[in-house]
Amino acid sequence: MQRKKTEVLDSILCAAETLFAQTDFSSVSMRDVSSLSGVTLGNIYHYFPSKEALFAALVSPATSAMETMIRSVFNPLNASFGKARLIGNPSDVADSMAIRFVKLLTDCRSSLSLLFFHNRGSAYEHYVEQFVDVSSCQIFSYLSEQTQAENQTLASKAIITDCVSRTIGFFRDMTYGRFTDDELMRRALEFSQFCCAGYKTLLLPRQY
């Protein structure tokens with residue numbers, strides 16, 4: 001009996017995820033995926049033209065969610081994270097950020113794990129560094145727009161880059177560890193409060 005295309009695709013992705021998670025990208029071959037999935041090598045290439053494309057399909061939920069989160073949060077049109085809200089109601093903003101963090105971690109845990117810990121030899125080996133650089137520029141631009149009218153002085157882009165790196169470190173630690181839902185939310189809320197306090201400070205007039 002012929003397998004449905006969705007079943008074949010699921011078999012390929014499941015086998016590939018298992019194999020990559022056991023070692024890393026560079027140590028897995030398409031033949032390994034074929035052997036574990038029970039799908040012929042030719043049929044795998046019908047769905048994925050290369051091992052790189054297969055790995056990309058597995059990590060794309062994480063990369064897409066991370067990039068969407070940065071775009072949506074640090075957006076001048078986003079009233080939920082605007083200057084007035086952050087300064088006036090930082091706890092509410094922290095709650096909102098924590099919920100976003102937990103959703104990302106729960107929805108994309110396996111994808112994040114591959115992205116953070118099993119990317120050696122892939123095109124995503126330096127993705128985190130690139131993400132930090134691009135995100136830091138976006139956040140710096142956002143903060144500049146929020147304070148430009150008042151001619152305030154911002155912290156350097158270097159310190160913002162460090163903050164983004166720490167955020168990625170938080171995601172990495174939460175992905176690697178095993179936490180209950182309550183523990184995950186508590187840690188996410190603590191980290192969000194820490195972040196919001198810092199960003200609030202950058203939006204306040206600097207005292208000399």
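Predicted model: local features only at pLDDT ≥ 70, side-chain atom pairs only at ≥ 80, totals over all residues.
Residues are numbered from 1 along the chain as its sequence is written, and local features need pLDDT of at least 70, side-chain atom pairs count only at pLDDT 80 or more, while totals for chains, interfaces and linings use all residues. Side-chain values use heavy atoms, with hydrogens and water left out.

The secondary structure of the chain consists of ten helices and zero strands, where helices (H or I, at least four residues) and strands (E, at least two) are DSSP runs numbered from the N terminus. Of its 208 residues, 41% count as buried, a word that stands for under 20% relative accessible area, whereas exposed stands for over 50% and partly exposed for what lies in between (1.4 Å probe, protein chains only). The chain exposes about 11,300 Å², and carbon and sulfur atoms supply 54% of that area, as computed by the Shrake-Rupley method with a 1.4 Å probe.

Two of the helices show how parts of the chain pack. Helix α7 (residues 109–117) and α9 pack at an angle of about 115 degrees, with their axes 10 Å apart; the axes are lines fitted to C-alpha atoms over the stretch in contact, and angles run from 0 to 180 degrees between N-to-C directions. Residues that make this contact (heavy atoms within 4.5 Å) include Leu112, Phe116 and Phe117 of α7 and Ile168 and Phe171 of α9.

The aromatic rings come next. The structure holds 14 aromatic pairs, in which rings of Phe, Tyr and Trp (its six-membered ring) have centres within 6.5 Å, and planes under 30 degrees apart count as stacked, over 60 as edge-to-face and the rest as tilted. Phe101 counts as buried because its relative accessibility is 4%, and Phe171 counts as buried because its value is 2%.

Phe116 and Phe117 form another edge-to-face pair, at 6.1 Å centre to centre and 70 degrees between the planes. Here Phe116 is buried, with a relative accessible area of 6%, whereas Phe117, at 32% relative accessibility, counts as partly exposed. Elsewhere, ring pairs link Phe20, Phe25, Phe55, Tyr124, Tyr127 and Phe131 into a cluster.
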